[in-house]
Amino acid sequence: MIDAPKAIDELRTISSAKAPHCSLLRIYWYDGAIGGSRPTTDQASLANLDDVKLRLGFVNNSGQQKGVDSLIVTDLIELARLKSISDAVLLSGDEDVRVGVQIAQNYGVRVHLLGIAPSRGSQSHQLLQEADTTSEWDSAVIAAFLAIRDTGTAQRLRVATPTVALKPSANNIAESEIEATVEAFVVALTETDMQGVVAYWQNARGVPADFDRKLLAKCRDAIGRNLENDETKKMRSCFQKIVKKRLCGQS
């Protein structure tokens, strides 16, 4: 079980050490909700703490987290784009979040990657290379706030950062990789590109052909294979949703 206040205290400590010139914006804690959108007791305890924002995806019938990585990437990009943060401490190991790190860095954010010892065995090598600094928590730090439940199972620490919090490594999920790739693609569109999409939608629907080809190639590279039919539909749906969100933010 997790001692939520102590976990948050440790995150505050590492945040202050990594970015002493910064004040804390907030701590984002990402996890999957089992059986719907209702949080567990541990999650609810975290959500009630000061300066903590709980962000939940969901866990499917196969025990896989869905939608969590896309939440992480989206928040990291948006906070960077809006200049809400200058530094982010990320507790993560997933290759899936690397695109969010890259784009945040393009906006001038320094990313400090935090792992759990032995982190080199659980963190993506490419993610480690992207980070501006790397460090890890040893067993003594973890023992201060994480304990074995009576049932013999331990609560995994998912995420945490001073401005945006990320989860440790998990199974790669093609859907989240596609969502993250589309998000990064739309964020990188120029104002002229956006005006072109608006003009295209006046007479048609979906993704303009030139963008569609580029997105298919980028998503194929991201997941290491051709997209299946339902994944292609997901990609196109995500594009429309994210573009509309960006347009609403400009209005």
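Predicted model: local features only at pLDDT ≥ 70, side-chain atom pairs only at ≥ 80, totals over all residues.
Let's start at P39, which touches A44, L54 and L56 when residues up to four places away in sequence are not counted.

- P39 sits in the loop that runs between strand 1 and helix 2 (41-47).
- Is P39 buried, exposed or partly exposed? Its relative accessibility is 42%, so P39 counts as partly exposed, given that buried means under 20% and exposed over 50%.
- P39 and F58 lie 19 residues apart in sequence, and their C-alpha atoms are 9.9 Å apart in space.

**Helix 3 against helix 4**
- Helix 3 (residues 68-81) packs with helix 4 (residues 98-106) at an angle of about 0°, and their axes are 9 Å apart.
- The two helices, helix 3 and helix 4, are therefore roughly parallel to each other, since angles under 35 degrees count as roughly parallel.
- On the helix 3 side, the contact is made by V73, L76, I77 and A80, while helix 4 brings V99, G100, V101, I103 and A104.
- What kinds of residue make up this contact of helix 3 with helix 4? Eight are nonpolar, one is polar and none is charged.

**The nonpolar cores**
- The largest nonpolar core has 26 residues, and L76, L90 and V109 are the ones that touch the most other members.
- At least two residues of this core come from each of strand 1 (27-34), helix 3, strand 4 (87-91), helix 4, strand 5, helix 5 and helix 7 (174-187).
- Which element gives the most to this core? Helix 3 does, with eight residues.
- Leaving out residues up to four places away in sequence, V109 touches A80, I85, S86, D87, A88, A104 and D132.
- There is also a second, separate core of 20 residues, with V182, V186, C219 and V243 among its members.

**S124, a serine in a loop**
- You will find S124 in the loop between strand 5 (110-116) and helix 5 (125-130).
- S124 has a relative accessibility of 11%, so this residue counts as buried, the cut-off being under 20%.
- Where does the side chain of S124 make a polar contact? Its partner is the side chain of E95, at 2.6 Å.
- Setting aside neighbours within four places in sequence, S124 is in contact with G93, D94 and E95.

Note on methods
Residues numbered from 1 in each chain as written. Heavy atoms only, no water. Helix = DSSP H or I, 4+ residues; strand = E, 2+ residues; numbered from the N terminus. Buried < 20%, exposed > 50% of the residue type's maximum accessible area, 1.4 Å probe, protein only. Polar contact = N/O pair within 3.5 Å; in protein donor to acceptor, adjacent residues only side chain to side chain. Contact = heavy atoms within 4.5 Å. Axes fitted to C-alpha atoms, helices over the stretch in contact; angles between N-to-C directions. Parallel < 35°, antiparallel > 145°, perpendicular 65-115°, else oblique. Nonpolar A, V, L, I, M, F, W, Y, C, P; charged D, E, K, R; others polar. Core = buried A, V, L, I, M, F, W, Y, C linked by side-chain atoms within 4.5 Å.
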